[in-house]
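Colleague: I want to learn how to read aromatic contacts in a model. Walk me through some cases.

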Amino acid sequence: MNIPSIELQIQTLPDNPGVYQYYDKEGKILYVGKAKNLKKRVSSYFNKQHDNAKTNVLVRKIVEIKHIVVSSEQDALLLENNLIKKLQPRYNVLLRDDKTYPWICIKKEPFSRIFPTRRMTKDGSEYFGPYTNFKTVNTILDLIKELYPLRTCNYDLSESNIKSKKYKVCLEYHIGNCKGPCEGFETLENYQEQVDAIRQILKGNFKDSMRAFKKMMQDLASEMKFEAAQKVKEKINVLENYQSRSTILNPKISNIDVFSIVSDETMAYVNFLQISHGAIIRSFTLELKKKLDETDEELLELAVVELRERFQLNSKEIILPFALDFGSTIKVTVPQLGDKKQILELSERNAKYQRLEQLKQIQIVDPERHTNRIMAQMQKDLRLSVEPRHIECFDNSNIQGTNPVSACVVFKDGKPSKKDYRHFNIKTVEGPNDFASMEEVVYRRYKRLLDENQPLPQLIIIDGGKGQLSSALKSIDDLGLRGKIAIIGIAKRLEELFYPGDSVPLYLDKKSETLKIIQQLRNEAHRFGITHHRDKRSKSALNSTIELIPGIGEKTMLTLLKHFKSVKRLKLATEKEISDVVGVSKAIKISEFYQKET
C-alpha cells in the first residue's frame, strides 16, 4: 500500500483529542503519544529543530502516522497508557503493569466497603474507573464520605459475628462517620441502599441522589435549619460539578472485538477495536474499494473475517452496528445503550475520521477525482438523470416591498463560478410578490440563454418552498424546458427539498456533502442578492438626497457617504464633522437643509 507523504498525513489529521502512533519504513512502532488536538500536536514535531537529539532522530525515522480519536483528554491519557504497555514502542518510557491507574472498588461482602485500589481481583467485586490520578479518586471518596456514612474497618460483618457481639463500635461511630453496623445499629438493607446510590453516582447517574438531597434540603429549610440545609446544598453543588469516570474503558468488557462501517459510493471504511481486560489495546481501519453495488452488510461480513484472520483474533463475542451470522461459536452483540454502545460509537467515529482524511487527501492530490465523486454522489442523492455539473440558484430580496431584486448564482463542478453570477431588478411586478418575481427572473434568465445559444444548467435550485417552485415552473414550461432541466426548491426551516408534482419533500442527511453544497448555493444566492439590494437602496437614497440639496453635486455626496457610510449618519453629523470632509461652505448648506427637513 502506498503511504502518503508526512506533510499530507499531517494536513488531514483531525482537530480532536486522541492518541497518535508513529511507525518507521518497516512498519515498526516508534512512539505513542496523546494530544488534546491531534493536528497541532503532531505538527509540532515536524515544524522545528528539537533540542533533544533523540527526538530529532525519532522525527527522521517517522514514515507513517496512525491515530485513534477519543472524546476527551482524559480518555486519550488512559488509552495512551494501555497502548504503551501493549506495544512497548522504542521511544516511549515503558510502563510496568503493576503501576497502572487507580480504580474505585465496591467490595463484594456484607456491608460493602468502598476504597481505592490499583489491583483488580476476580472475586465478584465491582470496579469503577480507571482514573488518571489518585487526587481525583480521593476527591470522589471524600464526596462519598460526606454524602453517606459508611464503615472503614475491615471486619467480617457476617450475620453470626454481629449477633455474637464480636466487635465494638469505634471512634468513627462516635464522631458520626459510621452508623455502627458492627453492633447491629444499622440494618444491612439500609446500608446497601446507600451503596446502591453510590454505585449510581460512580456510573454518572446522579438523578436519584440529587432528588433525595434536594428534598432533604427543602425539608431542613422548612424546619428553619438553614445551616444544615446549606451543607446539603453544598453537596448538591459538588454532585452537579462532578465528572464521571472515563467512558472508553470498563473492566466488565473483556476479550471483545468491535467493528463498525462507514461507506460512500466508491469506498467503505471498517474500523476495528480490540478490547482486552477492560481496555482498548488495538485500533485499525480497513479500506475496501467497491466493485459492484455491495451493501454495508456484505462488506462488514467480509471485513470481520479478514481482520480476525489477519490479527489472529479469538474472541468469543464481537460488537457490530447490525446483526450478522458468523456461526454458533461467535456471539454477535448489537448494543442499544450502555458501555458497549459507547465503544461502538467510538469505533464509528474513528471510521468516519478515516474516511474524511482520505477525502481530504484526494481533494489535495487529485482534485478531479474528488469532483467526480461529489458529482456522482449528488446525482444519486437528488435522483437526477445526469450529474449536476452546472447548477444555478435563485433568491429574491426585498424589504417591506421596496427595491425588489433577485439574484442568480452559478456553481460549476461543485464550486462557485462568480463571473457567471447575475443580478436582476424586478421590472413587471408591483409590490412584494415573491412568486411573481421568481416567475419573471427565471423566464428572463433562460430566455436570454436560449437566445444567445448559451449552455443550460443541469439543475436549478429555487430558494423557497412549493409556491416559489411552482412560479419558476411556469416560466420553464413557457420556454419549453420542462424535462430538459431538473428543478427543485429548498425550504429554509427544515431543509426540505421539493420536486415538481411531488407533495412529499426529500430530506437529506444533515451531514451529507450534497446538502452542504445546496446550502452553500442557497447562502451564496442570499448574500449576493442582499448585497445588491443594499446597494440599490443606498443608491436610491443617494439620488433622492442629491436632487433635493441645492448646490450639492453627486461627487460631494459620494465623498460624504464614503466617509459617513450612510445618509442616516450624515443627517446626524454636526456641521463641524461635515466641514472636515467637504469644506465649510458646503457643510453649511447640508446642515441647514437637514435642519429644515427635521
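Colleague: Is phenylalanine 46 buried or exposed, or in between?

Modeller: In between. This is a predicted model. Buried means under 20% relative accessible area, and exposed means over 50%. Phenylalanine 46 has 28%, so it is partly exposed. Tyrosine 22 has 0% and is buried.

Colleague: How many aromatic pairs does the structure hold?

Modeller: It holds 13. Tyrosine 22 and phenylalanine 46 have ring centres 6.3 Å apart and planes at 80 degrees, so they are edge-to-face.

Colleague: Why is the pair of phenylalanine 259 and phenylalanine 272 called stacked?

Modeller: Look at the angle. Planes under 30 degrees apart count as stacked. Here the planes are at 20 degrees and the centres 5.4 Å apart, so the pair is stacked. Phenylalanine 259 sits in strand β7 (residues 256–263) and phenylalanine 272 in strand β8 (residues 267–276), 13 residues apart. Both phenylalanine 259 and phenylalanine 272 are buried.

Colleague: Where does the charged end of lysine 66 sit?

Modeller: Over the ring of tyrosine 23, 4.7 Å from its centre. Arginine 383 places its charged end over the ring of tyrosine 499, 4.7 Å from that ring's centre.

How values were computed:
Residues numbered from 1 in each chain as written. Predicted model: local features only at pLDDT ≥ 70, side-chain atom pairs only at ≥ 80, totals over all residues. Heavy atoms only, no water. Phe/Tyr/Trp six-rings, centres within 6.5 Å; stacked < 30°, edge-to-face > 60°. Buried < 20%, exposed > 50% of the residue type's maximum accessible area, 1.4 Å probe, protein only. Helix = DSSP H or I, 4+ residues; strand = E, 2+ residues; numbered from the N terminus. Lys NZ or Arg CZ within 6 Å of the ring centre and 35° of its normal.
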